[in-house]
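Okay, thanks for coming, everyone.

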Amino acid sequence: MQKPIILTAATAFALATPAMAETPVLTVLTYDSFTSEWGPGPAVEAAFEETCGCDLQFVGAGDGAALLARLQLEGPSTEADVVLGLDTNLTAVARETDLFAPHGVTAELSLPIAWDDANFLPFDWGYFAFVGNKDFEAPTSLRALADSDIKIVIQDPRSSTPGLGLLMWVQAAYGDDAPALWTDLADNIVTVTPGWSEAYGLFLEGEADAVLSYTTSPAYHLIAEEDDSKMAWSFDEGHYMQVEVAGKVAGTDQPELADKFMAFMVSDAFQSIIPTTNWMYPAVTPADGLPKGFDTLITPAKSLVFSSEEALAIRATALDAWRTALSQ
Amino acid sequence: MAHSPVAINPRWPGGIVAGLVLVLMLGTVCAVAMRAEFQAGLGAADWAAIQFTVSQAFVSAATSCLLAIPVARALARRQFRGRSALITLLGAPFLLPVIVAVLGLVMVFGRNGLLNDALAFLGLPPISIYGFHGVVLAHVFFNMPLVTRLILQGWLSVPSERFRLAASLNAPIGRVIEWPMLRSVLPSAFLVVFLICLTSFVVALTLGGGPKATTVELAIYQAVRFDFDLGRAALLAMVQFGICAIAAIFAWRITSPEASGAGFDRAVQRWDGGAGRDTLVISLATFFLLLPLAMIILRGTSGLLSLQPDIWHAALRSVIVALCSSALCTIMALALALRAGRLVAVTGVLPLASSSLVMGTGLFLVVYPFISPARLALPITMLVNAVLALPFVLRSISPAVSKIETDFGRLGVSLGMSQGIWLWRIVLPRLRGPIGFGAGLAAALSMGDLGVIALFAGDAQETLPLAMYRLMGAYKMEAASGAALLLLTLSFALFWVCDRGGRLNADL
């Protein structure tokens, strides 16, 4: 009795996606929070569709790492025309798939570092930082944090992008001494969560004095919630950067639209959406500047970042050291 | 699973369902393995993960079972106002999405939680929830209520004549009635919890406090997501099935078949037991289980107001998926229960040990060449959720079916009943309770499951748990806790309606 109902429902769901044959479709594979209703996705889609005469469709797939795994699963037959949301820890592997074509865009990027990647073009960037409450006496370096009895929550580098970012941060700042720093940090770490959300949630519940996040996180609380109680801790060693990039898929059936999108990505229309939806710095500062509130954020004196090839090369060793130090 | 005395139950539908489950479980692992070039075997870190996984699952399952026995016993012996509501409410922790439950527990047992506030007030040193004991605590919170329900069913299925007889003969009830009943119910309950904890990953890592709390499921996650080493993912998924097989064999070895025999098929009235101790046990269990829930409700209430209208679409989608997969699951479980035997026993535990990430990836690989995965997101979610809930529903229905067959099968055959009449007039009316409970559980589990939807869904297929995670990912923790409350309420309402429907006019 029940089966026909289920089949009907299944068919209805399968047909629910409207078929758009007339207008060309540009498919952009991205991470979940980009395409969610609070992310940049909806505004970007509206702005691009105004000029392109096309239908821009975002396909969301977990976070940056899941995005790359998804692309690898789909292989050369992927329907994606553009992949948006990888970061420098992932681009070396992404490049090895040979699925990407040169983007061919020249733009005045406002990154604190030089950028000359032929395949991947940044759309936003940020610094990793520990975020705590303003009334708390902040440590001034990773070393000071490790020597203190301050409690922090971090993410697992094996399952989370910020977690991997911290691993690279410690590696970039301490090199061969990184394992020793991890050993000293171990007693500060309340717990390690699988993803950013769990860690941030625990921090907001008061489980730790600080959480690994971004220097831009306090801007969310300030602008969206009118709450100025959060601040990022500025560290003397410098802060590791996350640069988020997009690339054009080599086998795309919409090469011109894809090129158009890549150029649009570094234009004001796209870039001005980024700060208050993705809560990161735009890759090209819009003509109107950054939104009010971003001026209150800390600016690290030193930017740390590995090239994607370096990041890939040191990952396994760094991970082993991390696991050993924290498993004591 | 002894052979039934008479063959009156239809067996072929169960065969089809078992085949489907096996294909879905093992076929997806094969699909993943075939995409990979096999390289190295398991490393030292993998073995450490396996060791941790098995030990935490064992301790969690043992603790859940040990604590559930006195609670179930007290509930079986006492009649009080609100008892029925309490039994239903016991289902709630099990239905919570993992991250919601973890935050609920942290609000009570965490560094800044109620318990430590109370300890500080009394001048006592704080306790930490993070570590091996935290993992066990959370798993007990999730699973002890489930075990309580399973054992309670065992207790209530003992015919009241036996208790009356025991009471009139002044026989030791514990030894002659309760112990044999527990021997037939506990091993399978233990196995279920052990397997649930085996695939735990968010709880284990978050409350385990660091990488020493790495489970096999996390290693799989890492293999798929960060290393894109599908061979290793498939290998680890097979390791999980292997552990599952060993555990299942052990559990089946020590299970003794139920030996209480037929009675008049009505529930229990008891004369034994200490009222004071039962009351204490029930109060403690209620307190432990409901306090975190109360915190979640408290926190979520303010968040409800900040929810966008879109959340209702996601909620509706989730309810439809949950109802469909519950119906599918119940039909499959019934077919399997009627078939019984080893094959069914295997299909009844295998889904518990499956890695949803490997299954999702396998399905993706199978589906992708033919159709856009987003189009199949909801049907696939329904099917996968139904299969994942199958062990629980089967566990609820199966003992009742075999008991009906033992008790009434000979009668049915001697009266020359057709299979249809047998099912319709004898089996189904007696299965109302277990089917209601099972269907409710399946619906609620499907409601809260993130599982494979995250791999497949586009924007148009967003379900409520996915929406909740996306809210959390966008800093909107308050709205997320509102969504969590909505999810909890809807899951629980689905469970309550089904369970209640099954229990109408029954004594449970």
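So, what is the mean pLDDT of chain B, and what share of its residues reach 70 or more? The mean is 82, and 90% of the residues get to 70 or more; pLDDT, for anyone who needs it, is the predictor's confidence in each residue, from 0 to 100.

Some housekeeping. This is a predicted model, where local features need pLDDT of at least 70, side-chain atom pairs count only at pLDDT 80 or more, and totals for chains, interfaces and linings use all residues. Residues are numbered from 1 along each chain as its sequence is written, while chains are lettered from A and ligands numbered from 1 in the order in which they are written.

Helices here are DSSP runs of H or I with at least four residues, strands are runs of E with at least two, and both are numbered from the N terminus. Residues 1-5 of chain B have pLDDT below 50, and that stretch makes eleven contacts in the model beyond near neighbours in sequence. Residues 263-267 of chain B are also below 50, again with eleven such contacts. A contact means that the C-beta atoms of two residues, placed from the backbone, lie within 7 Å. For the complex, the predictor reports an ipTM of 0.82 and a pTM of 0.85.

On to the interface. Chain B puts in 54 residues and chain A 46. On chain B's side, the elements giving two or more residues include α5 (98-109), α14 (310-339) and α17 (377-414). The biggest giver there is α14(B), with six residues. By class, that side of chain B has 35 nonpolar, eleven polar and eight charged residues. In this scheme Ala, Val, Leu, Ile, Met, Phe, Trp, Tyr, Cys and Pro are nonpolar, Asp, Glu, Lys and Arg are charged, and the others, Gly among them, are polar.

Now chain A. An automatic or database domain assignment sets the bounds, and chain A splits into domain 1 (16-125 + 242-292) and domain 2 (126-241 + 295-326). Taken over C-alpha atoms, their centres are 26 Å apart. Domain 1 of chain A gives 19 residues to the contact and domain 2 of chain A gives 18.

What about the largest nonpolar core? There are 281 residues in it, and among those touching the most other members are A:V211, B:V102 and B:L195. Such a core is a set of buried Ala, Val, Leu, Ile, Met, Phe, Trp, Tyr and Cys residues joined through C-beta atoms within 7 Å. Buried means 20 or more other C-beta atoms within 10 Å of a residue's own, exposed means 12 or fewer, and partly exposed is in between, with C-beta atoms placed from the backbone. α17(B) gives the most to this core, 19 residues. Both domains of chain A contribute to the core, so it lies between them. B:L195, leaving out residues up to four places away in sequence, touches B:C244, B:A247, B:V349, B:L352 and B:A353.

Last stop, two strands of chain A. Strand β2(A) (residues 55-60) is largely enclosed by the rest of the structure, because five of its six residues are buried. β2(A) pairs with strand β1 (residues 25-30) of chain A in the parallel sense over six bridges; pairing needs at least two DSSP bridges.
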